[in-house]
Amino acid sequence: MSESSSWNRSLAELFDEQARRHPQNVAIDAAGRRRTYAELAAGAERCARGLRRRGVAPGAIVAVAGPRGGDAILAILGVVYAGATYLPVDAALPADRVRTMLRLAGARLIVRLPGAGAPADVEAEVVDLADVLGGGGVGSGRLELPGADAAVATPAYVMFTSGSTGEPKAIPAPQRGVARIALDNGFMDVLSEDRVLHAASLSFDASTLEIWATLLAGACLVPVEQQILLAPYELHRCVERERVSILWLTTSIFHHVARERPETFAGLRYVLAGGEVMRPDAARRVLDHGRPLHLINGYGPTEATVFTLTHEIRDLDPRAGSVPIGRPVADTVCHVLREDGTPAGPGEEGELHIAGGGVARGYLGNPRESAERFRVMAVGGGAPRLLYRTGDFVRRGPDGLFEFRGRRDDQVKVRGFRIELEEIRAALVGHPGVADAVVLTHEDGTSRYLAAHVAGRDPDAPPTGPQLRAYLADRLPAFMVPAVITVLDRLPLLANGKVDRAALSAARLPPDVPDAPDDDARPWSARQAVAEAWAAALPGGAAGRESFIACGGSSLQAAQLVIRLQRRLQVGSAHGYRLIRALLAGADQDAFTAAVEHIIAEPAQTSATGDRWRKDLAREAPPVLTRPPAPRWRAPRNVLLTGGTGFLGSRLLDELLARTGADVHVLVRARDSGHARRRLVRARARYGVAGDLPEDRVHALPGDLALPHLGLDDAAWEHLAAVADAVHHCGAHANFLYPYEQLRPPNVDGTREIIALASYRAVPVHYISTVGVVRGIDALGVRHLTEDTPVDHVELLSMGYYESKWVAERLMRDAAARGLPVAIYRPYDITGDTVTHTWDPAAAISQVFRIIVELGLAPDWDLPLNLVPSDFAARAVVHLSLTQPAQGQTFHVTNPRECLLDVLVDRLRFHGYPVRTVPYGDWTRAMARHMADNPEHPFGPFEPLFTNPAATREITVAELSGFKHFPRMDRSRIEAGLAGSGISCPPVDRVLLDNMIHFFRRTGYFPAPSAPAR
């Protein structure tokens, strides 16, 4: 490819040209805010003036610290406009790592973005972006941008990779390297109409391609939370919702999406993957089920500016054992050299050396490693030029395509990040209790992870794995902290005295884990079952001398462990509650095994009693006061909302904004107000709620229902108590496996805090409960339940979540008896709205529908489908809160026209899903087998509902919801309250069910039907 004239220009000039060519094009479409090219260029110029007035000279290095998004892009452009070099500092990096980066790069100024914390103990000056912009003001005349000379002399940015000496290596990327990867690159042509997803960390050079290829083409950058990449179905929705046309993923994420939701890629203009070796089966799956216009496999070290080689995958031979990494990109030369430095022949393996405009000049402040990796050489009789020695071994085929063959050192790729294992080892041996350490990678069939093996200095008091992980977390990025750290008395050695790495690699389980029975028909001992379930749930089968959580387990993995254990030992729901309590309370493997053995030996002691709920009802409650000003509940000016990031809560927030002129104060579990607001924005997008959040009316409050005063400081608590005109309490932790004790803090104690706040001025509280609190009441002979029927059968609810909601209802009723205005709303299954038909895929009813489709089997079960659209429920609650005095009454938010499960089965068959109806017991056994084959299936937490018996009954917990057992719920009060409002609930009919099936099919939640629709 001939040289492009653009490559020698500065990035500032190239962007400014696009801003003048496309001033009204949207440059950044971030959640809640868009910036045009004209706005972004004006902001960058103002930022540059502010930096220069603070003494930033051309060629200086300026750190940009904070989260990805529009402000980060503005700051980066401002640094470039000022003729300086930007150093991106990810908000998630530990303080010690940040200090090292600033020292090695020589940065003396840090621009802190909104929402970022203050870097601790740094020598550099820290200044907020707002102050930089404020200092920029309006200059006299147009800012003089850096030109071609500056493009040669000043790197675009500095990024870091792992270093073998124990410190990261600082790489100054040349501006020409960035320009040549963004413009006329030979593998991707970005158009001004394109929308490019921006999800890469700013400290990862994938962000370079996302940002600059977009902004130097007049296209639109779409920043999203990085976590969305880990949820294929949500990523698919995001791609569709944001009209993304170009998508860059690390190879591991590409593999994940290819396996779970390849249709995500269908029709995109470009899908690019890089960072690790691409699996041929993943590429074939995408080509077969989600072919984009261009599927690109990329290779390139940070030292050569993003991509060095790319390969467009059009077809792949079924016999191919690898995917080529392709041919050199523009302005790049690749040499394959033998150990003696001579060129390798076609098909011969050798080390890859890179030359061209993308190659850095060396590592900042690291002459030794620079001399090792960057060499001036003459290859094959050509002129001497700077080459980067990659350490990667490749071979070039007769067709000119390069194939990756592996590495010959301790550098590895994990989740797209290049890591020197020696840097992790050096950090470990820096711990005073560690004598030596070895860090390896392990594969578990789907992913690669790091595992460390450590020898302690004092065998009588060695450091623990959790202690070492915490130590590393303060010094290394999260992606470099091993998932498993095993502490040994000593490291195994070979006869030559070297560490026996093969023995460590083979040590996947702790040596005391007993073998599992060879025959599934043989009984499992408690010790065998616990060891097997513990190892299966933790990363790499981490050993259990510490608690499950300290060993790296999560609450979801705890739930999966208990489900696995219940299946192995055939124990019931009461046992499950006790087991999950033991895990979450911090039991190690031995203590947990003892708890299991005790349960098996004395099962009668695990039965629930009412005492554990009654004590929560007996606690002293605050008096209800009537301080001025009196709440204006019919025309509220300030409303407190909890649960605003949830499925119904998102709709309640939208309805409160539409129906009132109130400021809505939304309690959100978050680090700070910026994080809280981002969570609200993401929830609205996830649940199909249209429109932006008004900055002046929605106040995101970082807090926590489980904490005293809701996690608010005294000033915020007192302000809310003084100004609130109404409270909508929709927040709760909904978990169908956790016991009551685990759910008490958010669901019961949180409700108590809400009551305390509202009692200060007798503020009306509108509490969102659930119809689940009436389950099991048929055992008392109640078959018809009015909105006034007393519900006092907590011991029959058979589930911790419903028990916690029952107790919260009682607290509300007791507060109403003391004079607090209270209204209670019991919704049935909240489902997709009536406009976008967006459902909550994590809801129990959604999971039931999906498992039916996956099995191709439906239970012969009289389950009523009482589906309540989310927008109807929100409109009803808000209307009632504005028109009906809260006097302790209950409203049943249910659908008056429900149907049974068999109607849905008929609609599934109509749409091409061959679902067969089988007896309930046969279905639960088939479901249990499916879950055993797929232990990480998201239906796992719901499985016990269908296999465990209900309290005092010979039916399962789920069967309590069947027509035979669930009471008919009268809705006279809600019908009277909504009369004349025009608010009505649509029936559960063919239209509603078809819209649901279309939504789940479109988002990939349901697999493609195996037969055509009738």
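## A tour of helices and loops

Select helix α21, residues 647–659: at 1.5 Å a residue its 13 residues should span 18 Å, and its end C-alpha atoms are 19 Å apart, which agrees. The expected span is 1.5 Å times one less than the number of residues. Helices here are DSSP runs (H or I, at least four residues), strands are E runs of at least two, and both are numbered from the N terminus.

This is a predicted model: local features need pLDDT of at least 70, side-chain atom pairs count only at pLDDT 80 or more, and totals for chains, interfaces and linings use all residues. Residues are numbered from 1 along each chain as its sequence is written, and side-chain values use heavy atoms, with hydrogens and water left out.

Stay on α21 and show its surface. The helix is mostly covered, with 10 of its 13 residues buried. Buried means under 20% relative accessible area, exposed over 50%, and partly exposed in between (1.4 Å probe, protein chains only). The buried residues are Phe647, Leu648, Gly649, Ser650, Arg651, Leu652, Leu653, Glu655, Leu656 and Leu657.

**Next stop: a helix pair.** Select α16 (residues 526–537) and α19 (residues 589–601). Their axes come within 9 Å and cross at roughly 135 degrees. Axes are lines fitted to C-alpha atoms, for helices over the stretch in contact, and angles run from 0 to 180 degrees between N-to-C directions. The two helices are therefore oblique to each other. Angles under 35 degrees count as roughly parallel, over 145 as roughly antiparallel, 65 to 115 as roughly perpendicular, and the rest as oblique.

Now show side chains. From α16, the contact (heavy atoms within 4.5 Å) uses Ala526, Arg527, Val530, Ala531 and Trp534. From α19 come Gln589, Phe592, Thr593, Val596, Glu597 and Ile600. By class, this contact has 7 nonpolar, 2 polar and 2 charged residues. Ala, Val, Leu, Ile, Met, Phe, Trp, Tyr, Cys and Pro count as nonpolar; Asp, Glu, Lys and Arg as charged; the others, Gly among them, as polar.

Most residues other than glycine have a negative phi, and most peptide bonds are trans.

- Select proline 628 and proline 629. A cis peptide bond joins them, with omega about -5 degrees. Proline 629 is in the loop between α20 (611–617) and β26 (638–642).
- Go to threonine 305, in the loop between β13 (294–299) and β14 (309–312). Its phi is positive, about 65 degrees. Threonine 305 is buried, at 0% relative accessible area.
- Finish at leucine 710, between β28 (698–702) and α23 (714–723). Phi is near 60 degrees. Leucine 710 counts as buried, at 0% relative accessibility.
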